[in-house]
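Student: Hi! Could you walk me through a structure that I have never looked at before?
Tutor: Happy to, let's open it together.

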Amino acid sequence: MLSVWDFGCIFKLTAMTDMKKIAVFTSGGDAPGMNACIRAVVRAGLQKGVEVYGIMNGYEGMIKGEFKKMDSRSVGNIIHRGGTILKSARSKAFMTPEGRAQAYAQLQQNGIDGVIAIGGDGTFKGAMKMTEEFGVPFVGLPGTIDNDLFGTDFTIGYDTAVQTAVEAIDKVRDTATSHGRLFFIEVMGRDSGYIGIQCGIGGGAEMVMIPETHTTIDTIIQTLSDARKKSKTSSIIVVSE
């Protein structure tokens with residue numbers, strides 16, 4: 001499994017293995033930038049003379065054979081759009097050996113030589129399974145706002161998620177200041193505190209609670225009490241969940 005940002009590297013890989021037809025799909029939660037990534041894959045592939053197919057609805061679409069040939073026009077005017085034009089879906093069937101066998105049969109039937117997976121941890125685990133069980137070559141492009149994938153500094157969607165959350169915190173802070181209130185603001189992250197920490201720094205929060213560390217009630221009370229002693233009348237605490 002490879003996580004790469006240089007799309008040229010992807011097609012150096014295809015050239016080395018004489019791949020003529022590849023597929024790209026998005027899976028798991030959507031992330032800002034996925035459409036830009038799809039566009040780059042398709043246009044770089046076409047430039048190298050490789051046929052590119054889009055798989056609709058992630059692994060579920062792979063199982064059902066929802067393949068669609070992509071050209072330059074099919075990815076036109078999508079670079080600024082959120083979500084994913086290939087759509088995304090979680091597949092319980094793919095978690096079974098039978099489901100993966102069906103997905104492999106569809107790849108074979110459509111003549112797919114290799115697959116580019118845009119997604120997060122679950123997406124890459126599924127890709128690893130397909131490689132281990134059927135020898136299908138995959139390239140993984142890290143697309144998740146949580147920034148919780150090994151081997152890359154930033155994942156597709158992470159920067160946008162932080163910017164959006166910081167803008168929201170700025171607006172909430174205006175109300176907190178006006179009314180002398182304490183706000184707990186929850187951001188995503190699952191088991192990773194990257195979004196929380198960056199939002200806390202960018203939004204000037206008094207405290208950030210992240211999954212990697214245990215924050216006690218006593219610590220929160222002490223922090224807020226110390227702030228009160230400095231005549232601070234409002235506070236923001238960011239919670240990463």
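Student: What is the mean pLDDT of the chain?
Tutor: The mean is 89, and 93% of the residues reach 70 or more. pLDDT is the predictor's confidence in each residue, from 0 to 100.

Student: Where does pLDDT stay under 50?
Tutor: That happens over residues 1–8, for which the model has 27 contacts beyond four places in sequence. Contact means heavy atoms within 4.5 Å. Where pLDDT is low, the predicted coordinates should not be read in detail.

Student: Okay, the big picture. How many helices and strands are there?
Tutor: The protein chain has eight helices and eight strands. These are DSSP runs numbered from the N terminus: helices are H or I with at least four residues, and strands are E with at least two. The C-alpha atoms fill a box of roughly 70 × 35 × 30 Å along the principal axes.

Student: How much of the chain is buried?
Tutor: Of its 241 residues, 45% count as buried. Buried means under 20% relative accessible area, exposed means over 50%, and partly exposed is in between (1.4 Å probe, protein chains only).

Student: What about contacts along the chain?
Tutor: Among contacts between residues at least 6 apart in sequence, 72% join residues at least 24 apart.

Student: Let's pick a helix. What is there to say about α5?
Tutor: Helix α5 covers residues 121–134, so to speak 14 residues, and reaches 20 Å from its first C-alpha to its last, close to the 20 Å expected at 1.5 Å a residue. The expected span is 1.5 Å times one less than the number of residues.

Student: Which of its residues are buried?
Tutor: In α5, Thr 123, Phe 124, Gly 126, Ala 127 and Met 130 are buried. They lie on the same side of α5 because they cover an arc of only 160 degrees around the axis. The arc is that of the directions from the helix axis to the C-beta atoms.

Student: And what covers them, and what is on the face turned away?
Tutor: The cover includes β1, α3 (58–64), α4 (97–109), β4 and β5. The face turned away from the buried side carries the exposed residues Gly 122, Lys 125 and Glu 132. Just after α5, Gly 135 takes a positive phi of about 75 degrees.

Student: Now α2. Which residues are buried there?
Tutor: In α2 (residues 34–47), the buried residues include Met 34, Cys 37, Ile 38 and Val 41. Gly 49 follows α2 and has a positive phi, near 80 degrees.

Student: Which residues have the most contacts inside the largest nonpolar core?
Tutor: Those are Ile 38 and Cys 199, in a core of 37 residues. Elements giving two or more residues to this core include β1 (21–26), α2, α6 (158–179) and α7 (194–203). The most comes from α6, with seven residues. A nonpolar core is a set of buried Ala, Val, Leu, Ile, Met, Phe, Trp, Tyr and Cys residues joined through side-chain atoms within 4.5 Å.

Student: What does Cys 199 touch?
Tutor: Leaving out residues up to four places away in sequence, Cys 199 touches Val 162, Ala 165, Val 166, Ile 169, Val 187 and Gly 204. Apart from this core lies another, of 18 residues, among them Phe 25, Met 62, Ile 112 and Val 136.

Student: Back to phi: which residues other than glycine have a positive value?
Tutor: Asn 57 is one of them, with a phi of about 60 degrees, and Asn 147 has a phi near 60 degrees. Most residues other than glycine have a negative phi.

Student: Are those two buried or partly exposed?
Tutor: Asn 57, in the loop between β2 (51–55) and α3, counts as partly exposed at 22% relative accessibility. Asn 147, in the loop between β5 and α6, is buried, with a relative accessible area of 4%.

Conventions. Residues numbered from 1 in each chain as written. Heavy atoms only, no water.
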